[in-house]
Amino acid sequence: TTNNSREKAIIAILAYSGIRNKEFCSLKVQDIDFDNGFIKIFSGKGNRDRIAYISRNCIRAISDYLRDYPRESDNFLTTTLVRNNRYAGGDLRKVVKVVAKRAKIKKRAYPHLMRHSLACNLLSRGCALMTIQQVLGHLSLESTLIYAHSMPQKVQSEYQFFCPQYV
């Protein structure tokens, strides 16, 4: 459970975009394309630029946050509350941990878990592996295939659906 628009925006971005911790901490307001529903990631893993897509719900959460916590276009999207410093990985992990504890989630919660959750949810809803690869910014499909191997029930379900009827 989030306490304010700031926490809600942070969780929404992590949950809907699948961006990495470091990518999140580098986000600036100008990196968000509200009209087209994506975030521009600059110098992500492997020093690559990419696009991370976000849902309308996520855009709404970010808009609410920016209304409540106004920022200039070239400012970092999130900064620490006390000193207004650029977010570091530990700051982001702490917010996720606090929100998870408040929501009475017993398992260990951390930002990268939301990336895994997005991938698994996309896969279980029928999303193509190549699309998930693009969403996560994986260079090779092998990295994305880890999610398919972790969901044997999905493989069995698809097998049953597509299996030909010989006899």
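Trainee: Buried residues make up 38% of the 167 residues in the protein. What makes a residue count as buried or exposed?

Mentor: Buried means under 20% relative accessible area and exposed means over 50%, with partly exposed in between, using a 1.4 Å probe and protein chains only. This is a predicted model, in which local features need pLDDT of at least 70 and side-chain atom pairs count only at pLDDT 80 or more, while totals for chains, interfaces and linings use all residues. Residues are numbered from 1 along each chain as its sequence is written, and side-chain values use heavy atoms, with hydrogens and water left out.

Trainee: Why is alanine 100 called buried?

Mentor: Its relative accessible area is 7%, and the cut-off is under 20%, so alanine 100 is buried.

Trainee: What does alanine 100 touch?

Mentor: Contact means heavy atoms within 4.5 Å. Leaving out residues up to four places away in sequence, alanine 100 touches Ile105 and Ala109. Alanine 100 lies in helix α4; helices are DSSP runs of H or I with at least four residues, strands are runs of E with at least two, and both are numbered from the N terminus.

Trainee: How many helices and strands does that give?

Mentor: The protein has eight helices and three strands, in the order α-α-β-β-β-α-α-α-α-α-α from the N terminus.

Trainee: Which residues of helix α7 are buried?

Mentor: In α7 (residues 141-149) they are Thr144, Tyr147 and Ala148.

Trainee: What makes a set of residues a nonpolar core?

Mentor: The members are buried Ala, Val, Leu, Ile, Met, Phe, Trp, Tyr and Cys residues joined through side-chain atoms within 4.5 Å. The largest such core has 29 residues, of which Ile13, Phe24, Leu27, Ile39, Ile62 and Leu77 touch the most other members. Apart from this core lies another, of seven residues, including Ala119, Leu123, Tyr147 and Ala148.
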